[in-house]
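Subject: Structure handover

Hello,

Here is the structure I said I would pass on. My notes on it follow below.

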Amino acid sequence: MTKKILVAAILTGILGVVLYLFFPKELDERATTDLADVPDIYLKKVQIQAFNETGHLAYELAAEEIEQFTVQTKMLFKHLNILVERENGEQWHMSARLGSVQPESDNPSQILEPIELLGTVNVYSGDINDPEYLFNGMNVVYDPSTNTIYSDEEVYIKASGSTYDADSFRFDLTTKRLALSSEPGSQVEIQHESTIEPE
């Protein structure tokens with residue numbers, strides 16, 4: 001009788017170990033969420049006006065959605081449009097499907113942080129059908145503190161009657177100074193638009 005009880009106890013112990021090893025431990029383990037992946041603030045159809053240190057309007061930003069991640073010190077925009085109006089009345093329009101502001105984690109966020117326009121980006125001034133300046137590219141950064149746009153991705157540019165294809169660029173919206181660069185082994189392509197006057 002004692003032998004049967006001992007064998008039953010051993011079998012029960014082995015079965016318990018097998019069940020413990022092969023089935024999930026639901027009592028002690030709970031599903032966790034990484035808080036860095038969850039936005040603290042979620043807003044829809046937002047318009048922001050940002051002013052510089054002198055009190056002048058730096059830019060207007062409109063987005064379908066804004067998510068703020070305090071843990072990552074990041075703000076994410078979806079379907080955003082930026083309007084920059086210069087004091088001389090010149091307007092710059094920027095649009096992208098996504099945008100991001102991500103300041104350094106040890107510095108407080110400022111409203112004039114650089115804005116990363118992600119994916120396909122369009123920037124132009126003047127009439128949309130006949131822009132004076134046009135930039136089509138990927139992942140363009142707009143820095144309102146220096147009033148510049150730049151990218152390390154391929155870009156197509158139309159400016160001052162010429163068109164350019166380059167691997168990266170930097171453009172000052174105030175001075176209209178354009179700096180282009182290309183990867184080793186390739187070159188910046190420049191084409192001049194010609195107009196034929198009727199006789």
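A salt bridge here is a side-chain nitrogen of Lys or Arg within 4 Å of a carboxyl oxygen of Asp or Glu. Please keep in mind that this is a predicted model.

Salt bridges

The search of the whole structure turned up 5 salt bridges. Lys 78 takes part in one with Glu 67, where the closest N and O atoms are 3.4 Å apart. That pair links distant parts of the chain, since Lys 78 is in strand S3 and Glu 67 in strand S2, 11 residues apart. Lys 78 also meets the side chain of Glu 65 in a salt bridge, at 3.7 Å from N to O. Here Lys 78 is again in strand S3 and Glu 65 is in strand S2, so this pair ties together parts that are 13 residues apart in sequence.

Are the residues in these pairs buried or exposed? Lys 78 has 24% relative accessibility and therefore counts as partly exposed. Glu 67 counts as buried because its relative accessibility is 13%, and the cut-off for buried is under 20%.

Another salt bridge joins the side chains of Asp 130 and Lys 158, at 3.5 Å from N to O. Asp 130 lies in the loop between strand S5 (115–126) and S6, and Lys 158 lies in strand S8 (residues 155–159), so the pair ties together parts that are 28 residues apart in sequence. Asp 130 is exposed, with a relative accessible area of 54%, whereas Lys 158 is buried, with 15%. As for shared partners, salt bridges join Glu 65, Glu 67 and Lys 78 into one network.

A buried charge without a salt bridge

Asp 143 is in strand S6, which covers residues 131–143. Asp 143 is buried but has no salt bridge. Which side chain of opposite charge is nearest to Asp 143? That side chain belongs to Arg 170, and the distance is 5.5 Å. Apart from neighbours within four places in sequence, Asp 143 is in contact with Leu 112, Pro 114, Thr 148 and Tyr 150.

A buried phenylalanine

Phe 169 is part of strand S10 (residues 168–172). With 4% relative accessibility, Phe 169 counts as buried. If residues up to four places away in sequence are left out, Phe 169 touches Phe 135, Val 140, Ile 149, Tyr 150, Ser 151, Val 155, Ile 157, Leu 178, Ala 179 and Leu 180. For one of these, Leu 180, the C-alpha to C-alpha distance from Phe 169 is 4.5 Å, with the two being 11 residues apart in sequence.

The second largest pocket

The volume of the second largest pocket is about 190 Å³. Two elements give two or more residues to the lining of this pocket, strand S2 (57–69) and strand S3 (74–85). The lining residues include Asn 52, His 56, Leu 57, Val 84, Glu 85, Arg 86, Tyr 142 and Asn 147. Sorted by class, the lining has 5 nonpolar, 3 polar and 3 charged residues.

Regards

Key: Residues are numbered from 1 along each chain as its sequence is written. This is a predicted model: local features need pLDDT of at least 70, side-chain atom pairs count only at pLDDT 80 or more; totals for chains, interfaces and linings use all residues. Side-chain values use heavy atoms; hydrogens and water are left out. On a 1 Å grid over the protein atoms alone, a cavity is a set of points where a 1.4 Å probe fits but cannot get out, and a pocket is an open set with protein on both sides within 12 Å along at least five of seven lines; lining residues have an atom within 4 Å of a point. Grid points are joined across faces, edges and corners, and a volume is the space filled by probe spheres set on the points. Helices (H or I, at least four residues) and strands (E, at least two) are DSSP runs, numbered from the N terminus. Ala, Val, Leu, Ile, Met, Phe, Trp, Tyr, Cys and Pro count as nonpolar, Asp, Glu, Lys and Arg as charged, and the others, Gly among them, as polar. Buried means under 20% relative accessible area, exposed over 50%, partly exposed in between (1.4 Å probe, protein chains only). Lys and Arg count as positive and Asp and Glu as negative; His and the chain ends are not counted. Contact means heavy atoms within 4.5 Å.
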